[in-house]
Amino acid sequence: MGNFADFHARSIHDRDAFWAEQAKWVDWKVQPQQICDYSHPPFAKWFVGGETNLCHNAVDRHLAERADQPALIFVSTETNQEKTYTYRDLHAEVQRMAAVLQDMGVVKGDRVLIYMPMIAEAAFAMLACVRLGAIHSVVFGGFASHSLASRIEDASPKVIVSADAGSRGGKVVPYKPLLDEAIKLSAHKPGKVIMVDRHLAAFTPVAERDVDYASERAKHMDAVVPCEWVESTHPSYTLYTSGTTGKPKGVQRDTGGYTVALAASMPHVFEGKPGGTFFCTSDIGWVVGHSYIIYGPLIGGMATILYEGLPIRPDGGIWWSLVEKYKVNVMFSAPTAIRVLKKQDPALLSKYDLSSLQALFLAGEPLDEPTAKWISEGLNGKAIIDNYWQTETGWPILSICNGVEKAPSKFGSPGKAIYGYNVKLVDDQTGEELTGANQKGVLTIEGPLPPGNLQTIWGDDARFVKTYWQTVPNKLVYSTFDWAVRDEDGYYFILGRTDDVINVAGHRLGTREIEESISSHPNIAEVAVVGVADQLKGQVAMAFAIAKDTSGLTDLAGRIKLEGEVMKVVDNQLGAVARPSRVFFVSALPKTRSGKLLRRAIQAVAEGRDPGDLTTMDDPAALQQIVELVKA
């Protein structure tokens, strides 16, 4: 424990010495020769010359002291399964998976795409990839063929690891048909597909391509697969995130910097201790799942819970029952999940012994004050710590670092800038830094980005520079594309996006991606999609479309029919996660006289707000039509 302000200042002004100290949390085969090489901005290379392995740091190094301690606790309320793997068990399973991947020809630098539900084999696959020095690319199991195909094409994996099906709310979601269709759509074809058969959905293997994991695993029960020591700058994984243009961006992460960042975050941010239990309710398809279901807790020598299921099944007390059963110390969830639990019987919160729980961390979307207050009271004043970060950063930008110095949370704020992040608020017009309290600006980070942040966009350095970086007076800064204000105490408050990405229950979705999908319906001429505030999910997508043939839209039944068809197109191409909450049919979309779509005005009226200055609008009747539709 120390003074956080000094700790943070040192991380910025004595950067290399600070991060050299943090690097001691990690096992190195070869010690780094240079802490940070920033000779080619904005590209930062961390712990240059060092050699390490992410799987070694997450699994192997713990065998000496905690081989028989729980490492991975798999719980599925969908299939009523519960299994605890010790570090020794995990080590054996990861080597079996690694041996299977080796049989398929996977070597250092190859890509492996993982399209899996929340099952233990998904964790084994991730750890096996980094053990071999292969680069994994996990795709969220809820994504449909169209989205999956674009990721297969971009990552060009040698092997895909998948399963017959996932399950949600007791309903089986077959993965195999989606995967087969995606491979058909993709120009790149994987050499092999490893199938984990859960016996939830029947499927027909593709001859010469599909292999059964259980059969292959049985050949390698005594597998010994040593860790491949890789350069610190060697990529560990890519993870795709929606952008403002249709093509998703493959965020590329290094190995050494990421391992150090997560290792340091466990004590400093989360106060996680070896031997404790970490329960993150996210999905491995998202960055939170990578960092704080799989890698962070294991690097920190903790047990981690991998949960398949809903927060309200069998009832709204299921998560709290797991906190009691496994003596969870640190819990990490999302505001949407807490808003769902808020609707359940309040007695469920007091039914279980939650004395082991130190803190509940929340991220993925802004945390509203009523929800923060409700859960704080429900957990008898335990620390509720909001934090803010992105797929691109890999670990929190803003939070409270109670492991360095105890500090109060402020409802509605994710906290202060974390060590390593040189955060600046910038005026979006002038580029000038805003240093006063309560001034609205764009949240930016002065380069170099700290360890664990993205190295670049997979295969596209130019897009990395063009998308994220801008020069403001005397500085090169990374833009988060979020508006924020900072109060007089240094606490930040996030106000929303500056671009066309919306945040639905923590899932980032590009409005252009949804628009392109809707436009592929044969009867849609033009469409605008905006993010609209929603009490439960934070935001939902709402679409306003112009039909080519309006003859079927004269009555409610016709409009409902076309709306259903459009939603089905989005479901099939992008997955249910991207489905708009409503599709309204209009005769015109509000535009400026130069033809630019007035998205901000559409969003404002959809939320019942004043649309502001409309002097450049071409046809006021177009916006009035939207006002009346939303009201009705």
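Asp489 is partly exposed in this predicted model, with a relative accessible area of 42%. Its salt-bridge partner is Lys410, and the closest N and O atoms of the two are 2.6 Å apart. That pair links distant parts of the chain, 79 residues apart.

**Salt bridges**

- Side chains of opposite charge can pair when their charged atoms come close.
- In total, the structure holds 29 salt bridges.
- Back to Lys410 for a moment: this residue is partly exposed too, with a relative accessible area of 25%.
- You'll find Lys410 in the loop between strand E21 (398-399) and strand E22 (416-417), while Asp489 sits in the loop between strand E27 (475-486) and strand E28 (492-497).
- Another pair to look up is Arg198 and Glu308, whose side chains meet in a salt bridge at 2.8 Å, N to O.
- Arg198 lies in the loop between strand E11 (192-196) and strand E12 (210-212) and Glu308 in strand E17 (residues 303-308), so this bridge ties together parts that are 110 residues apart in sequence.
- Are Arg198 and Glu308 buried or exposed? Arg198 counts as buried because its relative accessibility is 15%, under the 20% cut-off. Glu308 counts as buried as well, at 4% relative accessibility.
- Arg209 and Asp210 also form a salt bridge, with their closest N and O atoms 2.7 Å apart. Both of these residues are buried.
- Which residues share partners in one network of salt bridges? They are Lys176, Asp180, Arg209 and Asp210.

**Helix H18**

- Helix H18 covers residues 556-574, which makes 19 residues. From its first C-alpha to its last, H18 reaches 27 Å, close to the 27 Å expected at 1.5 Å a residue.
- The buried residues of H18 are Gly558, Leu562, Glu563, Val566, Met567, Val569, Val570, Gln573 and Leu574. They cover an arc of only 165° around the axis, so they end up on the same side of the helix.
- What do the buried residues of H18 pack against? Their neighbours are helix H7 (145-155), helix H17 (511-519), strand E31 (524-534), strand E32 (538-547) and strand E33 (582-585).
- Just after H18 comes Gly575, which takes a positive phi of about 100°.

**Cavities and a pocket**

- Rolling a probe the size of a water molecule over the atoms shows where empty space is left.
- How many cavities of 30 Å³ or more does the structure hold? There are 6.
- The largest cavity has about 110 Å³ of space. Its lining has 14 residues, and Ala44, Trp46, Asn453, Leu454 and Gln455 lie nearest its centre.
- Strand E2 (residues 43-48) gives the largest share of that cavity's lining, with 4 residues.
- The second largest pocket holds about 450 Å³ of space. It is lined by 20 residues, and those nearest its centre are Gln81, Tyr85, Glu121, Val196 and Asp197.
- Strand E5 (81-86), helix H6 (120-132), E11 and helix H9 (213-218) each supply at least two residues of the lining of the second largest pocket.

Technical notes:
Residues numbered from 1 in each chain as written. Predicted model: local features only at pLDDT ≥ 70, side-chain atom pairs only at ≥ 80, totals over all residues. Heavy atoms only, no water. Expected span 1.5 Å × (residues − 1). Buried < 20%, exposed > 50% of the residue type's maximum accessible area, 1.4 Å probe, protein only. Arc of directions from axis to C-beta. Contact = heavy atoms within 4.5 Å. Salt bridge = Lys/Arg side-chain N within 4 Å of Asp/Glu carboxyl O. 1 Å grid on protein atoms, 1.4 Å probe; cavity = no way out; pocket = protein on both sides within 12 Å on 5 of 7 lines; lining within 4 Å. Points joined across faces, edges and corners; volume = space filled by probe spheres on them.
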